[in-house]
Amino acid sequence: MTPASVVTLAGGRPDHLRNLVHGLCCQTELPAELLVAVMQDAPYRLPEAPFPVRQVMVPATPLPLAAARNAAARGALGKTLIFLDMDCIPSPSLIADYVRELRGFDGLLMGEVMYLPGGAVAEGLRFESFAAAAVRHSDRRGPPRPASSDAPTTAASGP
């Protein structure tokens, strides 16, 4: 198992968080764990996963984004932290790509985020169709792709 922990912030939108969990279950290299900083009154009911999923309760008012992210990160067991938005559906190689790129590199990496139109996940996670449907965000293109490999990517589900 990889030494990477995935951290996300969550408030409302349970379907989006379930899609994130499903996407992490499809990884070619599973994360060590998923930590969810929950910014609502009750924890989520999440699907079973082949890795630990821990929910860290954080008071939701005022919206404490930085405090919630830090609380979850402090509890992470992995050597590497991968921060994903709760509405991201990670491509199947995202964890493996980040772990590979971070070997021998001490720094921060940011993959390109693609946006899916509404209804793109109505029939489940079909990664092969996401590439055709996804739209690049004009301001969030991420770094240039390295010559040796593809950069990690995620897809965010639509409204």
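Helices (H or I, at least four residues) and strands (E, at least two) are DSSP runs, numbered from the N terminus. Residues are numbered from 1 along each chain as its sequence is written, and side-chain values use heavy atoms, with hydrogens and water left out. This is a predicted model, where local features need pLDDT of at least 70, side-chain atom pairs count only at pLDDT 80 or more, and totals for chains, interfaces and linings use all residues.

**Exercise 1. Find the place of Gln27 and work out what it touches.**

Step 1: Gln27 sits in the loop between α1 and β2.

Step 2: Check its cover. Buried means under 20% relative accessible area, exposed over 50%, and partly exposed in between (1.4 Å probe, protein chains only). Gln27 has a relative accessible area of 7%, so it is buried.

Step 3: List the contacts, meaning heavy atoms within 4.5 Å. Leaving out residues up to four places away in sequence, Gln27 touches Pro90, Ser91, Pro92, Ser93, Leu94 and Ile95.

**Exercise 2. Which strands pair with β2, and in which sense?**

Step 1: Two strands pair if DSSP finds at least two bridges between them.

Step 2: β1 (residues 4-10) and β2 pair in the parallel sense over six bridges. Within β2, Val36 is the bridge partner of Thr8. To get from β1 to β2, the chain passes through helix α1 (residues 14-25), and this β-α-β crossover is right-handed. That term applies if, with the strands pointing away from the viewer, the path from the first strand over the helix to the second runs clockwise.

Step 3: β2 also pairs with β3 (residues 53-57), in the parallel sense over five bridges. Here Leu35 has Arg54 in β3 as its bridge partner.

**Exercise 3. Compare the faces of β2 and β4.**

Step 1: In a regular strand the side chains alternate between the two faces of the sheet.

Step 2: On β2 (residues 33-38), Glu33, Leu35 and Ala37 point one way, while Leu34, Val36 and Val38 point the other way, and all are buried.

Step 3: On β4 (residues 80-83), Thr80 and Ile82 form a covered face, whereas Leu81 and Phe83 form an uncovered one. β4 pairs with β1 in the parallel sense over four bridges, and Leu81 is the bridge partner of Ser5.

**Exercise 4. Which residues touch the most other members of the largest nonpolar core?**

Step 1: A nonpolar core is a set of buried Ala, Val, Leu, Ile, Met, Phe, Trp, Tyr and Cys residues joined through side-chain atoms within 4.5 Å.

Step 2: The largest core has 19 residues, and those touching the most other members are Val6, Leu17, Leu24, Leu34, Ile82, Leu84 and Ile95. The elements giving two or more residues to this core are β1, α1, β2 and α3.

Step 3: Apart from this core lies another, of nine residues, including Val7, Val58, Ala68 and Ala72.
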